[in-house]
Amino acid sequence: MLEIYAGNSALKTIQEKGFTPELFSSFLGASGGPKWFTLYALDKYLFGKFFKNQQQPLNLVGSSVGAFRTACFAQKDPVAAIERLAKNYRETTYSHKAKPGEVSTKAVEMMAAIFGETGEQEVVDNPYFKAHFIVAKCKGLVASENKFLQGVGLTKSYLNNRINRHRLKSQYERFIFQSSNSDLKLNDPDNISTTRLPFSTANIRNALLASGSIPMVMEGIKNIENSPKGMYRDGGIVDYHFDFEIKNSGLTLYPHFSSTLKAGWFDKNLSRKVRIKHYDNTVLLCPSEKFIAALPHHKIPDRQDFVTMERKQRMVYWQQVMDESEKLAEAFDQLYQRQDISRIKNISQLLA
């Protein structure tokens, strides 16, 4: 049910030291909206059991829904926070042809449910689980709230990216809102300008909301507190499934809803692969084709479900996926308890 891949260095380390939480210094959470429901039970297992007694720093790096997940993981009760995120997301309903303002309002409500009364301070103060929210700061037409102008800008982005990913830097900057004691070290060969800012209780909500503010679907976030003035949008625009190198010592754990990895939002329909060298120290967890084929509708959830399904049907389907995701958590637990390292495949099978 669960496929496990590792880069060359990661596989060598695991073979020498075994598969333990102490090996990991970083964690990745990708964009993908409701696709995340596939990982629901796995997330609860990882932060309710596997990393529960973590006494060393773990950099939690996420964009869009991945950032929302990291905001859950860094709270005192991560499992309860994950459950609140899932419940709110599953029950969210939009009017027919909802406008960006409505979708953004629902996201604000979701964020309030995630944090509760003390969650923001808990994330800011956490000494071990260090959250990082990736956000795209927009330049030119993509910063406009006028749908026509924004659409023209996004078309330009698609063409720029199709020619070469590094051309996106003319329209976007990567901003990482992070724990003030972060030691995360990144290398991006595409040279997209990267600014790192500490979050606080003053800006953490808008930083998180910006990371999930999908172009054309939601309103952007303008002038985040304690940040350069401008328009901030979904971090997945630049970092959808990630194509940068984490240079910290230690391995990176990356639970993902698919074995297909795309660097940025505009790569979704391209054959371009992420660079294998960036996954040398990464362990990738993803559902198998067998698992996906056994799901209702034989697919994982996606945003189109809001359009193609009635609310009750969609909620039932998403809950079924969440229930089925327990099988992924069980499979990971078996790997960990039995130290069945032979199950881990080389990631070159996916990325070469």
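Author: A residue is called buried when its relative accessible area is under 20%, exposed when it is over 50%, and partly exposed in between (1.4 Å probe, protein chains only). This is a predicted model, in which local features need pLDDT of at least 70 and side-chain atom pairs count only at pLDDT 80 or more, while totals for chains, interfaces and linings use all residues. Residues are numbered from 1 along each chain as its sequence is written, and side-chain values use heavy atoms, with hydrogens and water left out.

Reader: Are Phe 47 and Phe 51 buried or exposed?

Author: Phe 47 is buried, and Phe 51 is buried as well.

Reader: How many aromatic pairs does a search of the whole structure find?

Author: The search finds 30 aromatic pairs. Rings of Phe, Tyr and Trp (its six-membered ring) pair if their centres lie within 6.5 Å; planes under 30 degrees apart count as stacked, over 60 as edge-to-face and the rest as tilted. The ring centres of Phe 47 and Phe 51 are 5.4 Å apart and the planes stand at 45 degrees, so this pair is tilted.

Reader: What kind of pair do Phe 242 and Tyr 254 form?

Author: Phe 242 and Tyr 254 form an edge-to-face pair, with 5.8 Å from centre to centre and 65 degrees between the planes. Phe 242 lies in the loop between β9 (231-234) and β10 (245-246), and Tyr 254 in strand β11 (residues 251-255), 12 residues apart. Helices (H or I, at least four residues) and strands (E, at least two) are DSSP runs, numbered from the N terminus. Both Phe 242 and Tyr 254 are buried.

Reader: Which residues do ring pairs link into a cluster?

Author: The cluster includes Phe 19, Phe 24, Phe 27, Tyr 45, Phe 47 and Phe 51, and also Phe 332 and Tyr 336.

Reader: Let us change topic. Where does Arg 314 lie?

Author: Arg 314 lies over the face of Trp 318, at 4.8 Å from the ring centre. A charge sits over a ring if NZ of Lys or CZ of Arg is within 6 Å of the ring centre and within 35 degrees of the ring normal.

Reader: At what angle do the axes of α4 and α11 cross?

Author: The axes of helix α4 (residues 78-91) and helix α11 (residues 311-324) cross at roughly 150 degrees and come within 9 Å. Axes are lines fitted to C-alpha atoms, for helices over the stretch in contact, and angles run from 0 to 180 degrees between N-to-C directions. The two helices α4 and α11 are therefore roughly antiparallel; angles under 35 degrees count as roughly parallel, over 145 as roughly antiparallel, 65 to 115 as roughly perpendicular and the rest as oblique.

Reader: Which residues meet there?

Author: Ala 86, Tyr 89, Arg 90 and Glu 91 in α4 meet residues of α11, among them Arg 314, Met 315 and Trp 318. Contact means heavy atoms within 4.5 Å.

Reader: Is Arg 90 buried or exposed?

Author: Arg 90 is buried, with a relative accessible area of 15%. Beyond its neighbours within four places in sequence, Arg 90 is in contact with Phe 37, Arg 314, Met 315, Trp 318, Gln 319 and Met 322.

Reader: And where is Thr 93?

Author: Thr 93 is in the loop between α4 and α5 (100-115). With 28% relative accessibility, Thr 93 counts as partly exposed.
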